[in-house]
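Dear colleague,

Please find the structure below, handed over for your records. My notes on its features follow directly after it.

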Amino acid sequence: MLSAQLDEYLAEMNLSATTEQKKQLVGFVEMLNKWNKAYNLTSIRDPQQMLIRHIMDSLAVSKHLVGERFIDVGTGPGLPGIPLAIMNPERSFVLLDSLGKRIRFQKQVQHELGIHNISSVESRVEAFEPEVKFDGVLSRAFASIEDMLHWCHHLPSETGCYYALKGQLADNEMANIPQGFEVTDIIELQVPRLDEQRHLLRVIKK
Ligand SMILES: C[S@@+](CC[C@H](N)C(=O)[O-])C[C@H]1O[C@@H](n2cnc3c(N)ncnc32)[C@H](O)[C@@H]1O
């Protein structure tokens, strides 16, 4: 059931996946569903809705990414980082969250599903000092854009940028982009079976 739906949604989004990648995406939904009862990972309880609201929602940004090294800050159970890592095996993803139980879940996903291009870090983002900076700093449902840019100012490389996954854009949020940063793109995203606004904001340091 889930895999038939996944095939349909991937085709609608014009994304192609190998049998192994599809197995991993469905496996991730199944693990979210199983661990959710004990770990409270997401308020969405129905696996079919998880597929739409978590997996496809994350994958909607896949074709807009540029570069090789990414960090997903406030990733929670690994969103959007894990679906993006599965579909972009040539890129690496650091999944950062301050809550230990979410990190434990991600490590189990990595182990059970054999995802080799992710590493999980338990830290507050403000305290995390990476050895090598990132081409892309991603976040979904993490903070206002203003706070995200303040807290993550030390993470992108010279040519790196921020990708903020947003629902409806709030005027006051857009008016509060801190000095020294510039929104270069506002991209409307389409997620199959989701009749809600989704946007991707790309921001650079000026
Ligand atoms: C609402 S959840 C969003 C999870 C996921 N990105 C998603 O889209 O479902 C926000 C996450 O940010 C984490 N978080 C909040 N403040 C943080 C900080 N300063 N540093 C690292 N993680 C933080 C929380 O532990 C939580 O898992």
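I begin with A141, which is found in the loop between β4 and α6 (145-151); helices (H or I, at least four residues) and strands (E, at least two) are DSSP runs, numbered from the N terminus. The phi angle of A141 is near 55°, a positive value in a residue other than glycine.

This is a predicted model, in which local features need pLDDT of at least 70 and side-chain atom pairs count only at pLDDT 80 or more, whereas totals for chains, interfaces and linings use all residues. Residues are numbered from 1 along each chain as its sequence is written, and side-chain values use heavy atoms, with hydrogens and water left out.

A cis peptide bond joins L79 to P80, with omega about 10°.

Turning to the sheet, 7 strands form an open arrangement in the order β3-β2-β1-β4-β5-β7-β6, with mixed pairing; two strands pair if DSSP finds at least two bridges between them. Because β3 and β6 (181-188) stand at the edges, each with a single partner strand, one side of each is left without a neighbour in the sheet. From one strand to the next, the twist averages 20°; angles run from 0 to 180 degrees between N-to-C directions, and axes are lines fitted to C-alpha atoms, for helices over the stretch in contact.

Strand β4 (residues 134-140) pairs in the parallel sense with β5 (residues 156-166) over 6 bridges, and F134 stands opposite P156 in β5. Strands β2 (residues 92-97) and β3 (residues 118-122) are likewise paired in the parallel sense, over 5 bridges. The chain passes from β2 through helix α5 (residues 100-113) to β3 in a right-handed β-α-β crossover (with the strands pointing away from the viewer, the path from the first strand over the helix to the second runs clockwise). Helix α5 lies across β2 and β3, running at about 165° to β3, where contact means heavy atoms within 4.5 Å.

Finally, helices α1 (residues 2-12) and α2 (residues 19-39) pack at an angle of about 120°, their axes 10 Å apart. They are therefore oblique to each other (angles under 35 degrees count as roughly parallel, over 145 as roughly antiparallel, 65 to 115 as roughly perpendicular and the rest as oblique). In this contact, L2, S3, L6, D7 and L10 of α1 meet K22, L25, V26 and V29 of α2.

With kind regards
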